[in-house]
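Subject: Structure handover, helix packing

Hello,

Please find the structure below.

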Amino acid sequence: MNLTQLQDTLIRWDQKGAVRGIAVALLVAAMVFFAANVTTATQLTIGVLGIVILTILRFLEKRFDTRFFFLSIAAFLSIDYFFWRTFTTLTYYDLVSFTLAIILYLAEIYGFIVYLLSIFVNISPLDRKPVPLPDNVDEWPTVDILIPTYNEEREILEVTMLAALAIDYPETKFNVYLCDDGGTDQQCNNSDPTKASRARARRIELQELCKSAGSHYVTRAKNVHAKAGNLNNALEQSSGDLILILDADHIPTVDFLLNTVGWFLKDPKMFLVQTPHFFTNPDPIEKNLKTWREMPSESEMFYKVIQKGLDSWNSAFFCGSAAVLRREFLMQVGGVVGETITEDAETALTLHSRGFNSAYIDRPMISGLSPETLGGFITQRIRWAQGMVQIFLLKNPLLLPGLTFPQRLCYFSSSFFWFFPFARLTFCLSPLAFLFFSLKIYDANFMNFLAFAVPHLIAVFMVSDYLFGKVRWSFVSELYELMQSVYTFPAIVKVFMNPRAPSFNVTAKGEILDRDFISPLSKPFYVLLVLNLFALAAGVYRMVLPGTHYFATGITMFWAFFNVFILLACLGALLERRQMRSTARMASKIPGTIWVGDKEIAVDVMDLSNGGCSLCVDPVYEALLSGHTSIQMRPDPTDGREHGEFTLEIRNLRYRDWALMAGCQFVHSSIDELKRKIAFVNGSSTRWMEFQRSREKNMGTWGSFAYLMSAGIRFTLEHVGYSILGKIRKDRANKRMAPSAPKA
Amino acid sequence: MNERKKVTPRQVWIGKLGICLVLLASVVSRTFAQAVPGATPATAPAVSPQSLMAAPAALPSSPGTAQNRRSDASPSTVRLPLRQLIGALEPIYLQTAESTYTVFVPLSPRYDVKSCKLRLAFTNSIALLTERSVLRVVLNNRIIGQFYLSREQPNRVVELEIPVNFLQVGSNELQFIAAQHYTLECEDPGSPELYTQIMPDETYLEAVVTWKDVYPKLSLLRDLIDRKLWEPYRFHLCSPSGAGLTDSQLSTGSIVSQGVALNLGFRPFAVTTSNQLVAGVDNIVVGTMNELTPYLTATEVGAINGSFIAVKALPNDPTRFLLIISGRNEEEVSQAAYAFSLINFPLPDSQFAQVDALSFPQKPTYILNAPMRDPGIFSFRQLGMDRHFSVKGWNTGTYSLEVYMPGDLSPLDGSNVELRLHFVYGAALRKDSVANVFVNGQFHATVPLDNIRGASVYGHRVYLSLKAFQPGRNVVEIAPRMVPLVTNHCEMLQMENLWFTLYRDSDLVLPRMLLQTRLPNLKVMSQTAFPFAASPDGIDLAVQVSGRDSTSVCAAWMLLGKMAQISGSVLHRTEISFRTPMSKKNLIVIGPVDSLPEEVMVKAPISPQDIGRVRYQMSASPEPEATAVGPIEEILEKLRGEATVRKEPEQPVTIGMNVKSELLDDTMAISFENPFHLGRLTTVFTAADTDKLYRGIYTLQDRLYWDNLTGTVAVWNNTPRSLQTTRIGPEFQYGATSLVSRTTNKVNSNPIVFAAIVFGALAILALLLRLLIKRKPADPK
């Protein structure tokens, strides 16, 4: 019997999950036996050998498919730890200690479950490729492109809409709808006359924009059910077979539909093809720690790895934008479902429970904007956290009928993840219990800790590095989660108290910050940092006392030190940097030609944004360029598309590494020219992929630690310096403002 | 230091039984009261407890009636050697500048002590400064003698008269306290020259005593069958059948003997039997109502309406008692005997009682020395620590915890016993202060007492290898050794801070143990009576008394009494017979050589006639227990399935001199696999004749013999004192341990092999999972 026959046999046996069920039952029985009977020496042997094998498997991964074995061993070591942790370390000493011990244990259990689910989800990720469309265009489905908006600026909407209109797809086969919730009848008749007049002006302005561009303006009477209601209103007023939903700032590439629609023809039960969200500006943490061009974005872990894992279990879910949905199936569930404030995930969950399929294509085909400020970032995350917790409470995937078992686990993983604030805050505060009050919250001796906990911790780091190393550096999760935890924790508690209470808050995009400032969100982090620093000092004091339990104190001090390290990075990120451009210049390397007067000069376009670009020019033309302000530029059709000519205004000339760089601004005289420019700047998904690839580098645990540590210390010092200087400046200003005392 | 005081289901049950008996006694009393003339007419003859008190006139005048005299009215001399008190022959060492050794001297309430003296033999260091070195002897906190420890006369034997009024009934604290110095200047109090030895074999107490009249009440039986007697306890079991005992009577006598033995703790006892009462010793008469007619008056016989126990003074000898165990039939007699054997429950405060019914818990937990078999957490309180242990000084006390391990505890078990100690200690101790932890006298761990500010420590963990424990009784000792912070030369030492208290809520955590042993092994029998008393009711044991005479019977009863003492329970369900029992049980055969059943002895590895093989032993080069010397070889060997169990250390090799020899005065024990049932054990006790067998079994009760039994064959003699043991014959694995225990042991014995299996299994699991869930990329669902 060869492997394929064995595979067939197994799959036949496993039709109702029997083989997997037996395997899991055996594994659990073995683990119970383990926890109850294995001595520390045996466990130490297992732990050390396990880590050695994991290391060897990492080296062999390029030659052999070791993924399942690697993850099985890592899971085993962690399960082993948790049995030990559960059965031997929860000792009752006193009520306070025991209560805190249980809280810490629950936080660990949370992490353990998320970790195991993560292994499950990502055990065999699916890297799905686009399916080509048939040659006969008549067979192509019609598509409605919906762009929901509430309060975004016209400029943002114009770019997105024109990019949507520039998509490569037969003109007769798609329509673009601007779904405006900022110009509804309700908004136009607002009791506040200023708001009402602004809404009416907005409606007129956008109607004219749509008319001139060739798209449809849609609005409604009332703002009910927020984004879900807005989309459902548009669904009633359109009729395409498929729906492409784009957030107001999500500029699509021209190949979007060509790369996604094919799956709907191939799989008649397909309800969703989701694509990644790609951002052309740094999020506030990346911006403030200056990591954007070096470190993969926070979202990439989800879009580069986790969604592929979810897709392998037919659980890739709708992320609210950059996704194509089949109208027929969507209407079967009444359109976009809006019981929670994460309507996207909820809609996907509902459709999956009806037995429909989803797909995920890992090719960035939209470029969007991250929130610019920490306030906007936290607002966005609170909405996600509340929405996913709502799903956990109101539509718990473990109980919802119709889902397959893997789908239950996948959705459970996605919603349960959002309880991280509880775990993060517990981990941040737990060392204080021992270092300040000698409370015994983790009852273990050194050898047991070495035998059980250390292999588990090493395995966790190795798995994290194995699964996400290229797209998520070590400790970045801790940084982002702690940043959010302080504010999302109370929000989650509110959801628990009233699951239907949360309302949809729109995330602000495209903000411009004209100066540096300390984020108003900083105060809780000062408190946490000071507490952990005092805990470290208490630990040092304990160390010099005779009779100290050095092991327990040492471990807890290490823990407090780790908290300090993360908190320093947080403080560094809490010094908000000014941001003059709403859209970042994205690097590129596109050859082209410019005409300066009669002179034709070869150039390279070095970076691009909707506003302008940088051209690399031979320095011999410096004098010639200095005499002109307006030039014509034609990029070469490197992506297979002819873009035509663009008019540019030279804004500055400067040298960079011996090359003459001309900073230019796009000038357009017609909407067609604008559309071409938008298609040129934003239309190539290949460019976005290359940019992502340029950031994909694995720093390793220590490299990441050193990088974040240095950034944390540097920017925390700046943070402190800024706050002191800010206070001095304020005092001086106060003095100047104060009336001078009369002279005696 | 501590006594095991249990509150077990046994006590609860016994308490209930006691209440039952008291109630019955009161009911019977009321019946008797009703029978008093003038009260309601009754069919039963009128008998009152007082009538039993006046029993001498009612005692049978049949053959064997006790002589009508006070046998022990005249004073006799009794002697109590120190070795008997300390249970060892090794000298007592008194070391350091001040050293104390304490023993507790029992004194029976049955004695009327006329005079008493202590003969003390000791040897002191010749480096001592005579004028400052003193040995004082303290009895119940009163100094009864003091001696200079003279360098000129280091070996001394002295005699001390002990005032009789210094002695108290029960327990007397006898202390030997040595103050030892080698210089008038300041000195090292721990100097090795400071020592005195007391010789336990040559030191003894000697008293002239007379026996007091007994006060016959059932509730006082515990004091009458008294372990505090200085001489071995003797009793006579009077059975109307005499030597012609039935199996049932044999069994009943065994239960009674075990009851007596249990009440004596570990003290030896002697039993005789006949159909006559015997003067000068306590008598127990056992039989049915009809059988006892010759011994009782008609009125007394009429009082027996069921299982019946009564006690009265022995006719014509009020210093001894006569215990009557009876019933209307053998079943009731057996029940009464068993009720008596549970002697440490409170019998009613009357002369007699009727036992209505006995019921037993399903799980026989009603035993004294119950071994701990199941894993779990046991508090010290549960293990007999009745109060916190608190000591002051640098070398002044040790807490001893008794832990009973099962007889089939494997010596290969690599698990750890964990102690979770809760204790406090004083401030200003020097950093090298410690509390040492010993198991069975051997050092195994140290707890540092190194916090200069003192500390209250909760749950300090100490791990003790299970290999340090032996089957049966184990003593875990915690010995604080505290040193003052200031110990400069000639500086005043502050000792008042040297405090250590161990709390009784400290815990002992027992792991899941590998319960599997290799037999035969007389050592295991001596430690725990295993496997004969593996079940506390003795259901797994059959005894054949091959000699049918009364002496052999008594020897068998004494042996079973010893087994009961070791196991702490009455083996009341043991099958005991004159014939060879064929049931699938462990077998004890006891009888003179010429009575031993051939079908049993055919499988014995040695015949009693080959005793020469035991007598003539020689040492040979030791064979290695295992041959794999490196980890790789060990793994390969284990993978090949070889040497999975290391061999036990061998006894000295015996030479096969086929010298025909006779047992002469020796007694012999041979242990081997049961010829009728493989996997069961047979042990034969034999001697040249019944008298020698009786003496041999009596001698065997002495701890000097019993505790040193080992191997598979033992030969011993009292005159001269000798015990030879050897290992002859094949071994077999005893006990069907659970799969979990076996697996656990294998896992922990071979961690690398186990790890290889685990990761191999994970590799297979990973492959299966991969085959199951790996999909072709980009396929639609």
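Predicted model: local features only at pLDDT ≥ 70, side-chain atom pairs only at ≥ 80, totals over all residues.

Helix α4 of chain A runs over residues 67–88. It has 22 residues and reaches 32 Å from its first C-alpha to its last, close to the 32 Å expected at 1.5 Å a residue. Of those 22 residues, 16 are buried, so α4(A) is largely enclosed by the rest of the structure.

One partner of α4(A) is helix α3 (residues 40–60) of chain A: the two axes come within 10 Å and cross at roughly 155°. An angle over 145 degrees counts as roughly antiparallel, so that is how α3(A) lies to α4(A). The crossing is left-handed. On the α3(A) side the contact is made by A:Gly47, A:Gly50, A:Ile53, A:Leu54 and A:Leu57, and on the α4(A) side by A:Phe69, A:Phe70, A:Ile73, A:Ala74 and A:Leu77. By class, these residues are eight nonpolar, two polar and no charged.

The second pair is helix α6 (residues 154–165) and helix α8 (residues 193–213), both of chain A, with axes that come within 11 Å and cross at roughly 25°. That makes α6(A) roughly parallel to α8(A). Here the crossing is right-handed. From α6(A), A:Arg154, A:Leu157, A:Glu158, A:Met161, A:Leu162 and A:Leu165 take part, meeting A:Glu205, A:Leu206, A:Leu209 and A:Ala213 of α8(A). This contact divides into seven nonpolar, no polar and three charged residues.

Regards

Note on methods. Residues numbered from 1 in each chain as written. Chains lettered and ligands numbered in written order. Helix = DSSP H or I, 4+ residues; strand = E, 2+ residues; numbered from the N terminus. Expected span 1.5 Å × (residues − 1). Buried ≥ 20, exposed ≤ 12 C-beta atoms within 10 Å, placed from the backbone. Axes fitted to C-alpha atoms, helices over the stretch in contact; angles between N-to-C directions. Parallel < 35°, antiparallel > 145°, perpendicular 65-115°, else oblique. Left-handed = near helix turned anticlockwise from the far one by under 90°. Contact = placed C-beta atoms within 7 Å. Nonpolar A, V, L, I, M, F, W, Y, C, P; charged D, E, K, R; others polar.
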